[in-house]
Amino acid sequence: MDQITFHYDTVLSDVHLLLPNSRHLMARLNRVGQPVFISRFRILWDGAKQHTCDLGSPCGGEELDRDTQEESGRGDARGSETGADGGADGGEDGGVEPPLDEDGDLEVPRRPRQRLPERDRDMVYPIILSQARREEEEEEEEECPRDVIRIEHTMATPLEDVGKQVWRGAFLLADLILSQPTTFRGATVLELGAGTGLTSVVMATVAKTVYCTDVGEDLLSMCQKNVTLNRHLMEPAGGEVRVRLLDWLRHDLCTDADAEFGWTEDEVADLHDNTTIIIAADVCYDDDLTDALFRTLYRICNNLRLPSTTYLSIEKRLNFTLRHLDISCEAYDHFRHCLCEMQELRDGRTCFTVEQVKPSFPQCLLYERIEQLELWKVTAVPV
C-alpha cells in the first residue's frame with residue numbers, strides 16, 4: 001500500500017486525488033478485500049472559506065514570493081553599500097569585481113535550505129493500524145470535535161463500487177443543507193444512493209429522520225459504521241439516520257425480517273406519510289442506473305401523501321469519445337433528458353416541476369467547487 005495502483009477499470013474520486021497530504025488511515029479490509037480508509041472533513045459552521053491552493057499552482061507561493069522579496073531587499077542593500085565604496089575599491093566603472101574560483105568560474109552564494117524536523121513532515125502514504133492504534137482511534141472517536149466528520153471509504157475502486165468513495169456532489173448537497181438549515185429542519189428525508197452516507201449524516205444535524213438507502217451489504221455496513229462514527233454531530237440536534245436497503249431495480253421495499261437492513265412496516269408507513277425531502281448526490285454516471293433512479297423517484301413520489309422536493313447534485317464530467325471524436329458528456333446529457341421527460345409527464349397523479357439551483361450559497365466544507373457541479377430541484381405535487 002505504498003502507492004495506489006491504477007488499472008484500466010479503476011476510478012478514483014477527485015476528493016481523494018487532490019488531497020495528497022490529508023490524513024488517510026487504512027483501518028481494515030472489507031468483505032471483498034478492498035482497503036478501507038478513514039478521512040476527516042472539517043465543517044466551517046460560519047461558512048467562511050479558507051485559503052486553498054489552486055490546481056497547477058504550487059502551495060506556499062506567497063511564502064516563496066516573500067522570501068524572494070527579502071532576498072532581493074538584502075541584495076539591494078548590499079548593492080547600495082558597495083556602490084558607496086565603489087570609487088575606492090572598484091574599477092573604472094565603480095563596480096565590485098565578482099568573486100571567482102580558482103578555475104575562473106563565477107561563485108554564486110546560495111542561501112542554505114531550512115530542513116524541517118522529521119516530526120513535522122506530512123504523512124502521505126496510508127498507515128496500517130495495529131490493534132493498539134485501533135484502540136487509540138476508538139478513544140479519539142469519543143472526543144472528536146463537533147466540526148469534524150469522520151468517514152470510512154475506499155479509494156481507486158472499479159466503476160461498480162464508486163459508491164464507496166466520497167465525491168464532490170455529496171459536498172455540494174452538504175453545503176446546501178448547512179447553509180439553509182431551516183429548509184430541512186424537523187423533516188423526514190430519504191436519500192437515494194447514499195454511498196458512504198456523508199450527506200445523510202449532515203442532513204441528520206437538522207432533520208428529524210433520515211432514511212439512508214443503497215444496495216450491497218458491504219456498502220450498507222460501511223454506511224452504518226459512518227453513522228456510528230458521527231453520533232456526536234447528530235445527537236445534539238436529535239436527528240436519526242436509519243440505514244436501509246433500497247434497490248432501484250425492484251418495485252417494492254425489502255420488508256424481510258431476517259434482512260439486516262430491511263424495512264419494518266412502521267418505517268414504510270412513516271416513509272409514505274411523512275417524507276417531504278428526497279436527496280441524491282452524484283449518482284448519475286450510467287444510463288441504465290439513471291433510468292432506474294428516475295423510475296424509483298417517480299414511483300416513490302406517487303406513493304407519498306405530502307408534496308415533496310427532490311435535490312439532485314451532479315458533476316458534469318467531460319470525456320473524449322471515439323464515437324463522437326469530440327468531448328462529450330453522455331451521462332450528463334442523459335440525466336438532463338430524464339429531467340425533461342419528468343417535467344413533461346402528465347399522468348393525472350403527480351405534477352413535477354424542475355428547476356436548476358444556483359450554487360450561490362456559502363461553502364461549508366473544504367473542497368474544490370468547480371463550475372461543472374450542478375444542483376437540480378424537482379418538486380412533486382399530487383394532482
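This is a predicted model: local features need pLDDT of at least 70, side-chain atom pairs count only at pLDDT 80 or more; totals for chains, interfaces and linings use all residues.
Q: What makes the contact of Arg168 and Glu315 a salt bridge?
A: Their side chains meet at 2.8 Å, N to O. The cut-off is within 4 Å, from a side-chain nitrogen of Lys or Arg to a carboxyl oxygen of Asp or Glu, so the pair qualifies. Arg168 belongs to helix α5 and Glu315 to strand β11, 147 residues apart, and the pair links distant parts of the chain.

Q: Which class of accessibility does Arg168 fall into, and why?
A: Arg168 has 6% relative accessibility. With buried set at under 20%, Arg168 therefore counts as buried.

Q: Which residues are linked with Arg168 in a network of salt bridges?
A: The network links Arg168 with Asp282, Glu315, Arg317 and Glu368. The structure holds 15 salt bridges.

Q: How do you know that the span of helix α5 agrees with its number of residues?
A: Helix α5 (residues 168–179) has twelve residues, which should span 16 Å at 1.5 Å a residue. Its end C-alpha atoms are 17 Å apart, which agrees.

Q: Why is α5 called largely enclosed?
A: Eleven of its twelve residues are buried, so the rest of the structure largely encloses the helix. Among the buried residues are Phe171, Leu172, Asp175 and Ile177.

Q: What makes the pair of Arg31 and Glu217 a tie between separate parts of the sequence?
A: The side chains of Arg31 and Glu217 meet in a salt bridge at 3.1 Å, N to O. Arg31 is in the loop between β2 (25–29) and β3, while Glu217 is in helix α8, so the pair ties together parts that are 186 residues apart in sequence. Arg31 and Glu217 are exposed.

Q: How does the reach of α8 compare with the expected span?
A: Helix α8 (residues 217–229) has 13 residues and reaches 18 Å from its first C-alpha to its last, close to the 18 Å expected at 1.5 Å a residue. Its buried residues include Leu219, Leu220, Met222 and Val227.

Q: Why are Glu240 and Arg242 called partly exposed?
A: Glu240 has 36% relative accessibility, and Arg242 has 24%. Buried is under 20% and exposed is over 50%, so Glu240 counts as partly exposed, and so does Arg242. Their side chains meet in a salt bridge at 3.1 Å, N to O.

Q: What makes β9 and β14 edge strands?
A: The open sheet has seven strands in the order β9-β8-β7-β10-β11-β15-β14, with mixed pairing. β9 (240–245) and β14 (350–357) each have a single partner strand, so one side of each is left without a neighbour in the sheet.

Q: How do you know that β11 and β15 pair?
A: Eight bridges join β11 (residues 308–315) to β15 (residues 373–382), and the two strands run antiparallel. The bridge partner of Glu315 is Leu373, and that of Thr310 is Val378. β14 is also joined to β15 by eight bridges, again antiparallel, with Thr350 partnered by Pro382.

Q: What makes β5 a mostly covered strand?
A: Six of the six residues of β5 (residues 148–153) are buried. Val148, Arg150 and Glu152 cover one side, and Ile149, Ile151 and His153 the other; all are buried. β5 pairs with β3 (residues 35–42) in the antiparallel sense over six bridges, including one between Phe41 and Ile149.

Key
Residues are numbered from 1 along each chain as its sequence is written. Side-chain values use heavy atoms; hydrogens and water are left out. Helices (H or I, at least four residues) and strands (E, at least two) are DSSP runs, numbered from the N terminus. The expected span of a helix is 1.5 Å times one less than its number of residues. Buried means under 20% relative accessible area, exposed over 50%, partly exposed in between (1.4 Å probe, protein chains only). Two strands pair if DSSP finds at least two bridges between them.
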